[in-house]
Amino acid sequence: MLHQGIILREGQVTKTIYNLIRDKRYEDVIECIVNLGEAANTRAGLSTLAYCYYHAQKYEEASTCYEQLCTLVPKVAKYKFYYAQSLYQAGIFGDALKVLKQIADNDELKEQCLQLQSAILYSSEDFAGAQSVLNQRTIGTADTLNDEGCLLYQADQYDSAVQRFNTALQVGGFNPLIAYNLALSHFRKKEKTQAIDYTVLRWMLKSLLIVRLADIVERGIRNHPELGIGAQIDTDGSARSVGNPITMALSGITQALNLKAAIEYSENNVEAARDALLDLPPRAESELDPVTLHNIALTDPQGTVAGLRKLAFLLELGPPACPRETFANLLLICCKHEMYETAADILAEHTALTYKYLSQYLYELLDALITAQASAELAEKKLGVLASSLAGKLRSLAAKVQEVRSTTDQNALRNALKDYENALELYLPVVMARAWISWRDDDFVGAEREFRSSAEFCSENPIWRLNAGHVLFMQGDKYKEASAFYEPIIRQHGDDIMSVSAAVLANLCVSYIMTFQNEEAEELMRRVEKAEELKGNMGKQYHHLCIVNLVVGTLYCAKSNYEFGLSRIAHALEGGSGARLYADTWLHVKRCILSLLAGMAKQNVILPNPAIQEVMNFLKSCEVNGLFTPANVYSASEEAPTEPLTIGLEARKLRLLLIKLSEYENE
């Protein structure tokens with residue numbers, strides 16, 4: 001018999017099939033056996049089929065084969081165990097537990113059955129039941145220690161979990177999955193750990209985690225070259241899929257790289273997180289495991305809408321396939337991109353998940369943000385209650401910290417500081433939400449009032465200081481105070497000014513200009529230009545100087561100095577050459593040009609002919625280079641038109657208006 005290049009000679013069938021199994025060609029074995037007809041229904045045929053289905057991760061098909069084997073040879077308890085194991089992997093937990101009860105008295109399989117039973121209960125989130133079963137298992141084995149660590153991890157007892165996983169590795173030798181559990185516990189411990197010198201501690205813990213994960217990845221590359229780890233980067237994402245062999249799950253590769261991505265994402269290093277995910281073995285999107293799909297959704301380069309669709313798909317899968325964080329992340333991303341109606345609909349459709357996966361604090365915060373769209377007053381009231389409660393808790397914890405400082409108990413001091421920092425992490429988003437409600441309504445005085453009232457606790461927080469600076473800047477008469485908030489940010493990144501937000505650099509330049517510190521503004525711009533040129537030579541592209549010039553140019557246009565202002569804008573966009581001409585930058589250009597045109601139409605603005613000609617040339621360059629570039633930015637909740645306006649078309653219309661007004665003035 002000839003089957004897809006596989007010759008099944010008479011008398012050699014068994015040898016050929018076992019050779020295929022040795023080579024892990026499970027799909028080929030399945031097709032061969034299925035095509036053998038009646039042989040597929042024998043004990044040997046069903047056993048081989050079930051084994052191959054299981055290792056090809058087709059667990060429902062494997063469970064069907066093992067069910068037939070249990071009927072064919074009911075006295076073989078091992079088939080019932082494999083049947084339960086396949087049901088567990090398929091997510092059919094109830095039936096798996098029923099099958100295990102049938103072989104509970106089998107002495108040979110007792111430990112394996114207890115281990116599988118505790119795994120099923122753990123996956124069903126019946127942690128008390130899992131603990132009860134765990135108490136019946138053999139003490140001190142690597143598997144038991146690992147499962148004890150998992151239950152401790154679930155109970156947020158990360159120190160004890162780390163001890164169990166370390167002991168499990170010592171007892172049983174290196175196991176990538178246990179090593180991953182250890183790294184994950186360290187990660188959670190890092191999230192909860194605070195200290196006086198938190199920056200140094202966080203760096204040390206991150207380094208430790210990266211080293212542990214690198215060990216798993218290096219072993220995976222060495223032991224499983226067939227998985228193509230890193231091939232997506234080498235081929236720009238076009239590598240052929242390796243599927244989902246069971247060796248991938250057992251190697252810990254996907255878990256380790258997903259955790260590495262989570263570490264980078266938690267540090268706001270989205271590009272690094274995306275790179276970690278690109279190191280994963282190449283797979284089609286339909287083949288991705290839920291955790292990988294979830295992490296790709298959070299870092300999706302295609303934009304917010306694509307990421308939200310992936311998260312919504314995962315949410316529809318439901319537990320246990322859907323990662324626990326999916327529900328909260330979906331709601332937070334909707335609110336971040338001001339898709340409040342969508343967030344409200346998701347909450348209404350999944351009320352059971354609201355109580356299961358959202359903390360009371362997060363629910364109240366999201367509820368207030370959604371409420372703000374209908375009633376700012378009611379939202380402010382809800383946030384006020386939450387802020388008052390947290391402020392009271394912070395004062396109480398601050399007093400406790402001072403009390404413990406007078407003792408010599410360093411452990412108690414660490415715990416007190418940790419509790420205070422955790423409460424502060426909850427308080428800061430509430431402060432920002434209250435200030436945002438005022439900011440949204442252009443009530444910058446009200447936003448400033450909120451920042452002043454929270455300064456008692458947040459004044460040293462960099463995010464708080466940044467936004468406080470923005471609020472002062474927007475008031476138009478507090479540039480000096482805004483500079484005092486922006487300058488420490490620049491000093492903090494003195495060696496790498498490109499790591500500072502372009503908005504901060506631009507606002508500080510404007511603040512200097514408005515307070516007659518032109519030399520300081522020029523010096524800052526020179527520093528940015530030099531740093532950007534240096535980074536450009538290293539192959540990195542930055543638009544900081546472009547944004548600074550755009551903002552400064554807009555400022556001068558707002559002060560009716562169009563000749564200088566538009567020259568700065570043209571300089572920012574390199575004369576409209578196209579390299580930095582896109583919807584975001586074009587928005588500033590057309591606002592200033594329209595302001596000029598309005599002034600000329602009202603005969604409030606007179607521009608010299610050479611300056612008008614420069615603006616004409618700039619617009620003509622934008623017309624040519626922006627012919628196919630969309631002119632507008634669309635939010636995640638907006639649907640872009642099929643034929644959007646382009647920068648080239650808008651530049652042509654603006655140039656025509658400028659020509660008409662110039663001719664009118666010259667008549």
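In this predicted model, the axes of α27 (479-492) and α28 (502-514) come within 9 Å and cross at roughly 140°. Helices here are DSSP runs of H or I with at least four residues, strands are runs of E with at least two, and both are numbered from the N terminus. The axes are lines fitted to C-alpha atoms, for helices over the stretch in contact, with angles running from 0 to 180 degrees between N-to-C directions. The crossing is left-handed, a label used if the near helix is turned anticlockwise from the far one by less than a right angle, clockwise being right-handed.

On the α27 side, Tyr479, Ala482, Ser483, Tyr486, Glu487 and Ile490 take part, and they meet Val504, Leu505, Asn507, Leu508, Val510, Ser511, Tyr512 and Met514 of α28. Contact means heavy atoms within 4.5 Å. By type, the residues of this contact split into 10 nonpolar, three polar and one charged (nonpolar: Ala, Val, Leu, Ile, Met, Phe, Trp, Tyr, Cys and Pro; charged: Asp, Glu, Lys and Arg; polar: the others, Gly among them).

The loop between these two helices holds Ser501. Ser501 is partly exposed, at a relative accessible area of 38%; buried is under 20%, exposed is over 50%, and partly exposed lies in between, using a 1.4 Å probe and protein chains only. The Ser501 side chain reaches the backbone nitrogen of Ala503 at 3.2 Å. Between Ser501 and Leu619, the C-alpha to C-alpha distance is 28 Å, with 118 residues separating them in sequence. Phe516 is exposed, with a relative accessible area of 77%, and has a positive phi near 60° despite being a residue other than glycine. Another non-glycine residue with positive phi is Asp156, at about 65°, in the loop between α9 (142-154) and α10 (158-172).

Helix α24 (residues 410-440) carries Arg434, which is buried at a relative accessible area of 18%. The side chains of Arg434 and Glu450 are joined by a polar contact of 3.4 Å. Such a contact is a pair of N or O atoms within 3.5 Å; within protein, one must be able to donate a hydrogen and the other to accept it, and residues adjacent in sequence count only if both atoms are side-chain atoms. Setting aside neighbours within four places in sequence, Arg434 also touches Glu380, Leu383, Gly384 and Ala387, among others.

Elsewhere, helix α17 (residues 290-298) has Thr292, Leu293, His294, Asn295, Ala297 and Leu298 as its buried residues. These pack against α15 (253-266), α16 (270-278), α18 (304-317) and α19 (325-336).

As for the whole protein, there are 34 helices and two strands. The C-alpha atoms fill a box of roughly 105 × 75 × 45 Å along the principal axes. Of the 667 residues, 45% are buried. Among contacts between residues at least 6 apart in sequence, 57% join residues at least 24 apart.

Residues are numbered from 1 along each chain as its sequence is written, and side-chain values use heavy atoms, leaving out hydrogens and water. Local features need pLDDT of at least 70 and side-chain atom pairs count only at pLDDT 80 or more, whereas totals for chains, interfaces and linings use all residues.
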